[in-house]
Amino acid sequence: MLEKTYQPAEIEPRIHQEWEKAEAFKAGRADRKDAETYAIVIPPPNVTGSLHMGHALNNTLQDVLCRFERMRGKDVLWQPGTDHAGIATQMVVERKLASENKTDRRTMGREAFVREVWKWKEESGGTIVNQLKRLGASCDWSRERFTMDEGLSKAVVKVFVELHRAGLIYKDKRLVNWDPKFQTAISDLEVLQPEKRGSFTWVSGDAEKPFDADALAKVLAKDPSGHMYHFRYPLTQAAPGYDKGYIVVATTRPETMLGDSGVAVHPEDARYAALLAAKATVTLPLVGRVIAIVADEYSDPEKGTGAVKITPAHDFNDFEVGKRHDLEKINVLDAFGKINENAPAAYQGMDRFEARRRIVADFDALGLLEKIEPTTHTVPHGDRSGVVIEPWLTDQWYVDAETLAKPAIAAIESGKTQFVPKNWEKTYFEWMRNIQPWCISRQLWWGHQIPAWYGPDGEIFVAHDEDEAQALAAKHYAASPSPGERGDGRGEGQVQGGAAQASAPHPNPLPVRTGRGDVALTRDEDVLDTWFSSALWPFSTMGWPDKTPELTRYYPTSVLVTGFDIIFFWVARMMMMGMHFMKDVPFHDIYIHALVRDEKGQKMSKSKGNVMDPLEIVDKYGADALRFTLAAMAAQGRDIKLAPQRVEGYRNFATKLWNASRFAEMNECVRQRDFDPSKVTATLNRWIVGETERAVAAVTAGLEAYRFNDAAGAAYEFVWGDFCDWYLELIKPILAGDDEQSKQETRACVAWVLDQILKLLHPFMPFITEELWAHMVEHGVKRESILALSQWPVPKGLQSAAADDEIGWVQRVISDVRSVRTEMNVPAGAKIPLIVTGATPVVRERTREHEDTISRLARLESITFAEQAPKGSALIVIGDVTMALPLEGVIDMTAERKRLSKEIDKTEADKTKCEAWLGNEANLAKSPEHVVALNRDRVSEATERIAKLKAALKRIEG
């Protein structure tokens with residue numbers, strides 16, 4: 001007998017062990033060698049990571065699909081693995097070394113530090129994998145991969161070398177997001193954009209309020225950002241038709257003016273037409289450099305003064321303006337964010353924010369500071385370092401993403417791969433059609449070291465290994481009349497014929513014997529962007545570049561399940577690499593899920609204190625409850641507003657299923673080997689097998705279309721509503737009766753339906769369903785297979801219109817009587833009569849057939865027939881029949897009318913107030929999304945409540 005109480009903490013670990021023992025999730029099972037394949041590659045979580053609610057949603061949805069397709073008989077590969085997470089892992093290990101009072105990485109050296117990272121990975125790097133197993137993820141764990149394992153490293157090197165030799169990887173000097181703390185370039189995904197606003201205000205010409213440099217310094221010491229500084233740049237010489245001797249520019253980063261090489265104004269801005277006509281220049285204050293005033297549409301006449309200082313080496317937009325006008329790129333910051341030797345001596349060595357304060361004060365001393373005002377603007381910060389990120393001009397390795405993007409764009413345009421929901425195509429196309437070169441080098445030690453070696457003159461040799469680099473160097477220097485011979489090409493360091501010019505030599509020389517004597521080569525110290533290796537994930541995890549059976553069988557994969565925030569960083573890059581190296585798309589469908597937010601619709605963050613830990617939820621409610629909650633709320637294109645109460649509700653659903661199974665067991669509802677649902681004769685049984693067929697069709701259709709919420713909702717409504725609340729209640733008289741034939745058929749029907757329920761719920765709630773499947777056995781004999789490997793139900797021809805109509809009528813009568821009792825505040829213990837008027841012969845027959853059941857479930861004293869309804873009755877209309885509940889004496893009818901009318905008025909007033917708020921554009925513009933959604937929900941709830949109250953009022957006769 002099942003335990004009285006459902007205990008997920010006891011069940012889940014044991015069930016997981018049974019799955020592992022049965023190798024239930026292994027791809028390529030012998031019994032499915034001829035089956036259709038279904039493959040998903042997991043978005044590899046960071047090896048440093050631990051499970052958060054986004055992981056829980058992402059992996060739950062993948063698991064639902066994999067379990068569903070596995071039960072449909074397919075050979076399923078869910079490829080697991082983790083990402084080496086370059087900067088995150090390096091940071092974790094550096095902190096660990098510091099806490100253990102060990103030396104820092106630069107003192108211990110690269111080789112020793114990397115050994116420490118591998119040691120940490122072996123000891124602590126499997127945390128998130130074990131957490132995914134707790135969630136029930138049915139990956140083929142025997143195939144787990146790591147982006148730094150030997151096979152994937154081999155793939156990374158091959159891709160780099162081949163793209164380089166095809167001219168698609170090259171070295172160039174461009175702006176990058178530079179992290180002064182970690183001393184590396186980082187991707188846009190690793191940059192946060194918090195809003196900042198200052199508080200200091202000053203305007204020139206106010207004799208009563210002179211500029212106070214100390215007061216500004218105090219404000220900036222708290223936060224250096226959040227102010228707009230207006231500077232006067234003197235004209236080098238007067239311009240005919242222009243009445244001032246200067247032009248005013250504004251900036252939030254005064255220190256960058258040391259690297260200005262131009263001022264831009266809009267070509268149609270009449271204020272500056274005379275300056276453009278005169279080809280005027282300004283003399284850059286503090287520096288003395290003469291710089292041009294150029295016409296460029298980047299300058300917005302509606303913003304500020306309409307004149308923009310251009311610093312190509314320190315701003316991404318300015319970099320593009322500089323290219324258009326051939327402006328000099330002057331880098332005035334070093335790698336640590338300090339002013340370098342390209343700036344005047346007075347500022348060299350200063351921290352960028354110290355220089356900011358000093359420059360503003362110096363502008364005031366020269367009479368060139370016009371005003372300072374608070375402004376709200378975003379300031380890029382490193383997501384892990386927490387410091388302000390600098391756009392910094394430096395030599396890096398790049399991929400020609402524009403060329404690689406073309407086939408990847410065509411694949412989506414042709415429908416070979418499709419986004420679900422389809423609207424995400426627009427996001428993909430906008431980025432891909434305006435794609436910039438992809439910076440793939442990082443100044444880290446943990447990661448795939450770039451396979452490039454430098455000669456003593458800076459010549460670059462890209463090779464698969466050191467031996468090949470030696471051979472390339474020997475050939476090059478034997479043929480060259482002198483070291484350092486350069487070839488032509490795009491960008492600094494463009495590769496030609498396997499060798500290119502580097503920006504600077506590197507340490508750790510590798511000796512090379514050539515015909516001209518010993519030549520020392522040095523390995524490029526940089527590593528590749530983590531996204532470079534993960535871009536190869538769909539095929540590198542299957543053994544590429546080797547021609548493995550897995551690659552032939554499972555590539556392209558079936559679907560990618562991921563979040564919208566990495567469409568650019570991962571999805572697009574996998575498309576590019578798959579099309580280039582595999583000549584095919586990496587997946588046919590891309591399902592983009594939404595965010596998991598808190599119950600108010602706010603994004604979860606530690607600073608807000610609204611983070612929900614999925615493992616704490618699992619400990620409290622069980623993995624099945626969390627999984628079902630996430631699936632049930634995963635509507636396409638709609639963020640999930642998650643509250644613990646939701647999970648608790650679905651924990652109750654699991655308990656309901658458990659109790660229904662206990663009921664079946666206690667009533668000897670045992671599966672019969674020869675049971676045929678199409679042969680049942682009892683109306684109730686014909687109805688429930690038909691409802692089972694409908695539920696199977698709805699859940700199947702929902703999962704096939706990635707409508708997880710529809711699928712989960714259909715399963716929930718069938719199990720809780722049709723099966724538990726109705727069918728099990730309606731059959732109690734049969735199970736307690738003396739008709740053995742009906743009893744035997746009903747018991748077998750209960751067992752059959754319960755089996756179909758366990759199958760339908762298994763993708764969503766694998767632990768409890770597997771436990772019940774093993775327990776609810778056929779005549780005490782074990783199942784032929786575990787539930788995870790059983791066959792998905794496909795019932796057909798079981799629906800009966802007659803049974804649906806009859807049982808639907810019974811349900812309607814009971815439901816409507818219950819609604820009246822609730823709406824009219826009838827005491828729960830009061831039994832009242834039901835009087836049926838205008839009854840047809842069919843209604844009379846149904847009433848007699850189901851009188852006991854209706855009376856029991858609706859708490860009726862009796863059911864009788866009459867020509868007219870008594871006065872003081874609440875009326876129920878079902879088809880052509882009117883049913884009356886005499887309430888005179890049970891409740892105060894007059895008081896009830898007043899109560900209902902008053903409640904209707906109050907609810908309508910609340911609705912009108914919310915509608916007025918939503919009709920105010922200012923409210924919509926300034927209010928957070930969750931506040932707007934809350935008001936919309938209130939309108940919807942009020943509309944529904946008003947309809948119910950009016951229906952209740954209408955029911956009261958007279």
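This dialogue goes through features of a predicted model, from its overall make-up to single residues.

User: What kind of model is this, and how are its residues numbered?

Analyst: It is a predicted model, in which local features need pLDDT of at least 70 and side-chain atom pairs count only at pLDDT 80 or more, while totals for chains, interfaces and linings use all residues. Residues are numbered from 1 along each chain as its sequence is written, and side-chain values use heavy atoms, with hydrogens and water left out.

User: How many helices and strands are there in the protein?

Analyst: Helices (H or I, at least four residues) and strands (E, at least two) are DSSP runs, numbered from the N terminus. The protein has 31 helices and 37 strands. Its C-alpha trace spans about 105 × 75 × 55 Å along the principal axes.

User: What percentage of the residues in the protein are buried?

Analyst: Buried means under 20% relative accessible area, exposed means over 50%, and partly exposed lies in between (1.4 Å probe, protein chains only). Of the 958 residues here, 55% are buried. Accessible areas come from the Shrake-Rupley method with a 1.4 Å probe, and for residues only the protein chains shown count as cover. The protein exposes about 42,000 Å², of which carbon and sulfur atoms supply 49%.

User: Which residues touch the most other members of the largest nonpolar core?

Analyst: A nonpolar core is a set of buried Ala, Val, Leu, Ile, Met, Phe, Trp, Tyr and Cys residues joined through side-chain atoms within 4.5 Å. The largest one has 206 residues, and those touching the most other members are Trp397, Tyr428, Phe532, Met577, Phe723, Tyr727 and Phe764. Helix H23 (residues 708-730) gives the largest share of this core, 13 residues. Apart from it lies another core, of 48 residues, including Val176, Leu220, Ala355 and Ile372.

User: What does Met577 touch?

Analyst: Contact means heavy atoms within 4.5 Å. Not counting residues up to four places away in sequence, Met577 touches Val159, Leu163, Trp438, Phe532, Ala535, Leu536, Phe539 and Met582. For the protein, residues 24 or more positions apart account for 77% of the contacts with a separation of 6 or more.

User: Is His448 buried or exposed, and where does it lie?

Analyst: His448 lies in the loop between strand S22 (441-442) and strand S23 (452-454). His448 counts as buried because its relative accessible area is 7%. Leaving out residues up to four places away in sequence, His448 touches His84, Thr147, Met148, Ser153, Val156, Asp526, Val527, Leu528 and Ser533.

User: With which side chain does the side chain of His448 make a polar contact?

Analyst: A polar contact is a pair of N or O atoms within 3.5 Å; within protein, one must be able to donate a hydrogen and the other to accept it, and residues adjacent in sequence count only if both atoms are side-chain atoms. The partner is the side chain of Ser153, at 3.4 Å.

User: What is the order of the strands in the open sheet of four strands?

Analyst: Strands of a sheet pair through backbone hydrogen bonds, either parallel or antiparallel. Two strands pair if DSSP finds at least two bridges between them. Here the order is S35-S34-S37-S36, with mixed pairing. Strand S35 (860-866) and strand S36 (873-878) are the edge strands, each pairing on one side only. From one strand to the next, the twist averages 25°. Axes are lines fitted to C-alpha atoms, for helices over the stretch in contact, and angles run from 0 to 180 degrees between N-to-C directions.

User: In what sense do S34 and S35 pair, and which helix packs on the sheet?

Analyst: Strand S34 (residues 832-837) pairs with S35 in the parallel sense over six bridges. Val836 has Phe865 in S35 as its bridge partner. Helix H28 (residues 841-858) packs on the sheet and touches S34, S35 and strand S37 (881-886); its direction makes about 160° with that of S35.

User: Where is the cis peptide bond with omega near 20°?

Analyst: That bond runs from Trp544 to Pro545, and Pro545 is in the loop between helix H16 (537-540) and helix H17 (549-554). A cis bond also joins Tyr555 and Pro556, with omega about 0°. Pro556 lies in the loop between H17 and strand S30 (557-563).
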